[in-house]
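Here's a quick tour of one protein model, written for someone just getting started. Keep the picture open beside you while you read.

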Amino acid sequence: MAAKFPNGTVFAISTTLAAAVAITAISNADPGVATTATPPEAGDILVLASGWPLLNNRIVRADAPTANGFTLEGVDTSSLKSFAAGAGAGSYMLAGSWVNLSQVTDSSSSGGDQQYASWQYMEDPTGRQQQRPTFKNAKSIALTQDYDPELPWYAAMQAADGGDPVVLRATLPGGDQLYYLAYASFDGDPTLDLNKNMSNKSTFSLISPATRYQAA
């Protein structure tokens with residue numbers, strides 16, 4: 001059991017995603033192994049495209065590269081029910097040119113609420129309602145930062161605003177890292193509240209669930 005504060009968390013975004021590199025196959029294994037003519041380097045952060053929905057648009061860290069492939073660190077693709085044999089091919093894009101998002105004064109998340117379909121049967125005299133889970137609302141993360149257009153993150157967020165997806169990285173106080181693929185939205189105009197620091201707000205609309213890697 002542990003109780004941890006997020007104080008000390010460092011956020012960063014990737015400002016580049018390299019051209020897609022073909023993956024011809026991914027094995028059903030724990031961890032899965034991708035076959036490609038151009039393997040990444042160990043430790044590279046990748047955005048996957050895959051015929052497997054559970055792996056499509058996911059962030060993975062490359063491990064144990066060989067001449068014709070690499071391991072998807074921490075990714076168990078051994079279930080044939082979830083990962084149909086022979087259907088995992090796709091591509092990867094290398095995330096790079098990281099820029100720290102400094103002067104963060106607040107972080108909040110929203111969405112992810114479970115939704116339900118509800119019904120009742122006419123023959124049930126109690127009128128009891130039943131329900132079944134359907135989907136979860138889309139999730140987003142919002143960061144508030146003290147306004148400073150001279151810092152590198154300001155220009156980086158302006159460039160990311162409303163554009164292609166970026167990778168958001170959160171390095172937690174203990175060293176664990178969370179990675180999110182997201183669309184970024186940035187309001188470059190500072191807030192103007194009396195007796196308060198001027199600030200900007202960045203919103204990251206998540207495309208897929210977070211990937212977590214433990215501190216080495």
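Gln103 sits in the loop between β8 and β9 (104-110); strands here are DSSP runs marked E of at least two residues, numbered from the N terminus. Its phi is near 60°, which is positive even though the residue isn't glycine. Gln103 is also partly exposed, with a relative accessible area of 36%. (Partly exposed falls between buried, under 20% relative accessible area, and exposed, over 50%, using a 1.4 Å probe and protein chains only.)

Ser97 counts as partly exposed because its relative accessibility is 43%. Then there's the peptide bond from Asp30 to Pro31, which is cis, with omega near 0°. Pro31 lies in the loop between β3 (25-26) and β4 (33-35). Why point these out? Most residues other than glycine have a negative phi, and most peptide bonds are trans.

## Where the numbers come from

This is a predicted model, so local features need pLDDT of at least 70 and side-chain atom pairs count only at pLDDT 80 or more, while totals for chains, interfaces and linings use all residues. Residues are numbered from 1 along each chain as its sequence is written, and side-chain values use heavy atoms, with hydrogens and water left out.

## Strands side by side

Look for strand β15 (residues 199-206), which pairs antiparallel with strand β12 (residues 140-146) over seven bridges. Pairing means DSSP finds at least two bridges between two strands. Gln145 faces Asn200 of β15.

β15 also pairs with strand β14 (residues 177-187), again antiparallel, over six bridges. There, Phe186 has Ser202 of β15 as its bridge partner.

## Two pockets

A pocket is an open set of points on a 1 Å grid over the protein atoms alone, with protein on both sides within 12 Å along at least five of seven lines; lining residues have an atom within 4 Å of a point. The largest pocket holds about 340 Å³ of space. Among its 19 lining residues, Pro6, Thr9, Phe11, Val104 and Ser107 are the closest to the centre. β9 gives the largest share of that lining, six residues.

The second largest pocket has a volume of about 180 Å³. Its lining includes Ser109, Lys139, Tyr180 and Pro209.

Notes. Helix = DSSP H or I, 4+ residues; strand = E, 2+ residues; numbered from the N terminus. 1 Å grid on protein atoms, 1.4 Å probe; cavity = no way out; pocket = protein on both sides within 12 Å on 5 of 7 lines; lining within 4 Å. Points joined across faces, edges and corners; volume = space filled by probe spheres on them.
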